[in-house]
There are 2 protein chains.
Amino acid sequence: MKKKNIMNNAIYAQSGGVTAVINASAYGLISELAQLAPRTKIYAAQNGILGLIDEKIYDLSQTKKSLKLLLESPAGMFGSCRFKLPTIDNSDFYENLFKILDKNSIGYFFYNGGNDSADTCLKVSLAAKKLGYDLYAIAIPKTIDNDLAVTDNCPGFGSVAKYVGTSVREAALDLKSMCRSSTNIFVLEVMGRHAGWIAASAELANSEKNKYVHKILLPEVRFNEDKFLTGIELDISKYGFSVIVASEGLRDQDGNFYSESSGKDSFGHKQLGGVAPKLADLISKNLQVKYHWAVSDYLQRSARHLTSETDMEQAIAVGRMAAKFALNGRSGVMPVIRRLSNSPYQWDLGEGDLNDIANKEKTVPDDYIDDSGFGIRLEGREYLLPLIQGECFPRFLNGLPAYEQLDLHLV
Amino acid sequence: MKKKNIMNNAIYAQSGGVTAVINASAYGLISELAQLAPRTKIYAAQNGILGLIDEKIYDLSQTKKSLKLLLESPAGMFGSCRFKLPTIDNSDFYENLFKILDKNSIGYFFYNGGNDSADTCLKVSLAAKKLGYDLYAIAIPKTIDNDLAVTDNCPGFGSVAKYVGTSVREAALDLKSMCRSSTNIFVLEVMGRHAGWIAASAELANSEKNKYVHKILLPEVRFNEDKFLTGIELDISKYGFSVIVASEGLRDQDGNFYSESSGKDSFGHKQLGGVAPKLADLISKNLQVKYHWAVSDYLQRSARHLTSETDMEQAIAVGRMAAKFALNGRSGVMPVIRRLSNSPYQWDLGEGDLNDIANKEKTVPDDYIDDSGFGIRLEGREYLLPLIQGECFPRFLNGLPAYEQLDLHLV
């Protein structure tokens, strides 16, 4: 494939599950590129890498509304995707991809996502080298799961942690009000299929004076039903109520997903749902108490109304740094957050190699989990606490967050 | 039972499911009593009427922290209960109750709750007359279900409506981002066992430009599975995705709760949970699309972080008015909200007779529901919109709402 002298256009795409602040990374990147390389034309792919493959590309220079709207809207303004790229020996696929990049004079490729997206970005970077195409491919970290390797934490997670901490504190006060003559147990199911960071963040709802969360169920700890039931009975006798926060990825003693380990219903269908109803079932069969359960699902990861200011700042910063990396000729790398101190919280950005990041998973370390397996130690709390600091409420219009969307124009 | 000349102490209690602003009604009442009748001693029963029966009564004059904390904390600061009083011919019960009131020189009784609580307050008022006890018993309206008769709306509801509108708008943006290659359907289950007001409030997430909520499933409309499935297929072809908000109290064609109409599981237990997993099951058996579902449960009714300012103002106002009613010698009544105009929204307070309120239920009227049965008409939207206006965020401390609790001292 021929090289061009001027290949200084850029493309940005969003990938994987979205967050409350992924658009803030887009804003950081775009505004930094506009400042440092004003002649660079910036495109955004519609629905991640799929938009590039399908040649559905937005020309951001055509957008009339202010790009600052990106700071206010959750989820993926340009659309996201779940799509695994073929291995780089699939030359047909990659030659086709680079034809499209070449046609649009794209020399900078930015991919905003988690583990799988780091894999996509790494493949694009390696395929470019293999095919002799001048491309600087930079991954921008984003995942509510907080499970990316190398980086201290992931943009998107802090806001979910704030949402979970707030919601569970509120629900605990509700339960505390009702437990004398009504409900004694509340189960909240949160996301986290392989890593328990989100469930762990429920620990933040506790304070020195008040115990609001009593059991945290992590995928990292095999679930012991008997110990759990004994534990919540003790909670009820001590506090009057028990609040349980469970990762969707909780595993049974054999390492299988707990939510899938039930039998089938009378029609032979696999029983439905979720860890929360499964735990509620366990409780109803063993304890004579009234329970309630909730599943926060998408509500938690798109809750821009409870965004952490720290998370917002970091999301913008990784976007800006990605621009600098690319303009400095880096490829196959990702800006990573480095923690310099817990209190006061200080951080800066470094460079991570995508070979160390793609398809890796960082779970909650053992020394953050207490001996019971149901709680988070002080070390874990100290890690989590800085990430939820500060509020940045969106603009409200007529009683609801405005979340005004950009006008986007396909090339 | 002997009458006393000086019976001017007051007792306040919270009852039934709590809300984000029930404590604001307590604040309105207490501050108004303190101003208008400074020599009145104010008590609060622990856990509703149960605290009175058990003689577990807080003396609020002993509380050292500022009562303004009541404006900031969701749920019931004094504890709530679910307890149905016996009929007033049970003279043992009521004589006992009035002995306790008499012992504490209580002449004013304030009961803050919904339908059942209005029934409690009415019975106390009637029993007092029957037994010749000088008592002014006033109900203070509170219910997220918005189903109280006579009053135009109920304190507590506006904040839930704001929570649901916000959450579903956020989740819809998430779904919109993902629908190209992942999830096409999102189901949110909300509270409302007999009245669909909360589900109806999801309509507020829609705007002139954006359709974010496609199907609203109300208890008032018998659920037609075929029509529903056809409808969401059309949504997906038109918008790429479909967002469904369902009342927990949705009913099947025979009028039974839809969530309970499934079979039993292989162990003979009634299948668990909620409308959302039931709808997800229906979708999975009939459509080839990926879906997600959430159950907001207690998260919705205790979400003080998203309180409507209008709701907050009304919650305080009904508390203040209850004080005035009692001091004016009224009994067996409740302050009710009267709507004077939609736009600009104007309201005042009137007096409702508990005989017209207790055990009654106000459901969503037919003329608010569109012909499909899945949507809310403009009339409904105009009713709902004023109730979510304005924000009053709580104080945040260390990244989370502080929700500092009062120090409370039993007599």
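**Group meeting talk: two chains and a proline in a loop**

Let me begin at one particular residue, A:Pro344, which sits in the loop between strand E10 (333–341) and strand E11 (346–353) of chain A. Please keep in mind throughout that what we are looking at is a predicted model. The peptide bond that leads from A:Ser343 into A:Pro344 is cis, with omega near 5°, and in general most peptide bonds are trans. In chain B, the bond from B:Ser343 to B:Pro344 is also cis, again with omega near 5°, and B:Pro344 is placed in the loop between E10 and E11 of chain B.

Let us now step back to the whole of chain A, which has 11 helices and 13 strands. Its C-alpha atoms fill a box of roughly 75 × 45 × 40 Å along the principal axes. For 411 residues, a compact globule would have a radius of gyration near 22 Å, and chain A, with 23 Å, agrees with that. Of those 411 residues, 58% count as buried. If we take the contacts in chain A with a separation of 6 or more, 76% of them are between residues 24 or more positions apart.

The domain assignment divides chain A into domain 1, made of 9–143 + 306–360 + 391–401, and domain 2, which is 157–301. The C-alpha centres of these two domains of chain A lie 34 Å apart, and where the domains touch, 11 residues of domain 1 are in contact with 7 residues of domain 2. On the domain 1 side, those residues divide into 4 nonpolar, 6 polar and 1 charged.

A:Ala149 is in the loop between strand E5 (136–141) and helix H5 (157–178), and it counts as partly exposed because it has 15 C-beta neighbours inside 10 Å. Leaving aside residues up to four places away in sequence, A:Ala149 touches A:Asp356, A:Ile357, A:Lys360 and A:Lys362. A:Val150, which is also in the loop between E5 and H5, has a positive phi of about 75° although it is not a glycine, and with 19 other C-beta atoms within 10 Å it is partly exposed.

Is A:Ala75 buried or exposed? With 28 C-beta neighbours inside 10 Å, A:Ala75 counts as buried. It lies in the loop between strand E3 (57–59) and helix H3 (91–103), and it too has a positive phi, of about 65°.

Finally, let us see how the two chains come together. On the two sides, 67 residues of chain B are in contact with 69 residues of chain A. H5(B) gives the most to the chain B side, with 13 residues, and that side divides into 30 nonpolar, 23 polar and 14 charged residues. Chain B can be laid on chain A with an RMSD of 0.0 Å by a turn of 180° and a shift of 0.0 Å along the axis, which is the relation of a two-fold axis. Since 100% of the interface residues of chain B are also interface residues in chain A, the copies meet through the same surface.

Methods
Residues numbered from 1 in each chain as written. Chains lettered and ligands numbered in written order. Predicted model: local features only at pLDDT ≥ 70, side-chain atom pairs only at ≥ 80, totals over all residues. Helix = DSSP H or I, 4+ residues; strand = E, 2+ residues; numbered from the N terminus. Rg over C-alpha atoms; globule rule 2.2 N^0.38 Å. Buried ≥ 20, exposed ≤ 12 C-beta atoms within 10 Å, placed from the backbone. Nonpolar A, V, L, I, M, F, W, Y, C, P; charged D, E, K, R; others polar. Least-squares fit on C-alpha atoms with pLDDT ≥ 70 in both. Domains from an automatic or database assignment.
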